[in-house]
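Here are my notes for your read-through, one topic at a time. Keep the model open beside them and check each point as you go.

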Amino acid sequence: MGYTALLIFAGLQSIPNSVYEAGKVDGASEWTMFWRITMPLLRPILALVLIMTMIGSFQVFDTVSVTTQGGPVNATRVLQYYIYDMAFGRFQFGYASAMAVGLLIVLAAITILQYRMTRAGETDLA
């Protein structure tokens, strides 16, 4: 949560005050300036936060490994722990490597899709 807040705060700091002053001169309300100025100018930062959060949600290996090792009847087994178990528990390194590469491809595809859908490479600041 702290890293996300830090990124959003840095994004807010990068928006020039002159844009808000122009909005005030034009008679825009605070709500209108938030939706028409702040949100569009924060789009690249918010896209980065979305992508980083999504990738971070796949990093649950340590919690599962320390607490339940897959849980009762595999109830808490996640793909990352399964890859680890295949490689270092059952010594099937080839199968584990193939699953890891598959996970990499899925994460890369999701990241590229999110990047394009959020237009993260574009900014509305002219």
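1. The protein chain exposes about 8,700 Å², and carbon and sulfur atoms supply 67% of that. Accessible areas here come from the Shrake-Rupley method with a 1.4 Å probe, and for residues only the protein chains shown count as cover. Buried residues make up 25% of the 126 residues in the protein chain; buried means under 20% relative accessible area, exposed means over 50%, and partly exposed lies in between (1.4 Å probe, protein chains only).

2. A word on what you're looking at: this is a predicted model, where local features need pLDDT of at least 70, side-chain atom pairs count only at pLDDT 80 or more, and totals for chains, interfaces and linings use all residues. Residues are numbered from 1 along each chain as its sequence is written, and side-chain values use heavy atoms, with hydrogens and water left out.

3. Now the overall build. The protein chain has six helices and zero strands, where helices (H or I, at least four residues) and strands (E, at least two) are DSSP runs numbered from the N terminus. The radius of gyration of the protein chain is 21 Å, well over the 14 Å that the globule rule gives for 126 residues, so the chain is more spread out than a compact globule. That radius is taken over C-alpha atoms, and the globule rule is 2.2 Å times the number of residues to the power 0.38. Along the principal axes, the C-alpha atoms fill a box of roughly 70 × 25 × 20 Å.

4. Which residues make up the largest nonpolar core? They are M54, I83, M86, A87, A96, M99, L103 and L107, eight in all. A nonpolar core is a set of buried Ala, Val, Leu, Ile, Met, Phe, Trp, Tyr and Cys residues joined through side-chain atoms within 4.5 Å. Helices α5 (79–89) and α6 (93–117) each supply at least two residues of this core, and α6 gives the most, with four. There's also a second, separate core of five residues, including I15, M33, I37 and L42. As background, nonpolar side chains tend to be buried together in soluble globular proteins.

5. Take a closer look at α5. Its buried residues include Q80, Y81, I83, D85, M86 and A87, and what covers the buried residues of α5 includes α4 (61–67) and α6. After α5 comes F91, whose phi is positive, near 55 degrees.

6. How many salt bridges does the structure hold? Two, counting a side-chain nitrogen of Lys or Arg within 4 Å of a carboxyl oxygen of Asp or Glu. D85 pairs with R77, the closest N and O atoms being 3.4 Å apart, and D85 also pairs with R90, again with the closest N and O atoms 3.4 Å apart. So R77, D85 and R90 are linked in a network of salt bridges. D85 counts as buried at 16% relative accessibility, while R77 is partly exposed at 25% and R90 is partly exposed at 43%.

7. Finally, the surface. Y3, L6, L48 and M52 form a nonpolar patch with about 410 Å² of accessible area together. The elements giving two or more residues to this patch are α1 (2–13) and α3 (30–57). Patches are made of residues with over 30% relative accessible area and no salt bridge: like charges are joined within 9 Å, nonpolar side chains (Val, Leu, Ile, Met, Phe, Trp, Tyr) within 5 Å. M52 sits in helix α3 and is partly exposed, at 39% relative accessibility.

Conventions:
Contact = heavy atoms within 4.5 Å.
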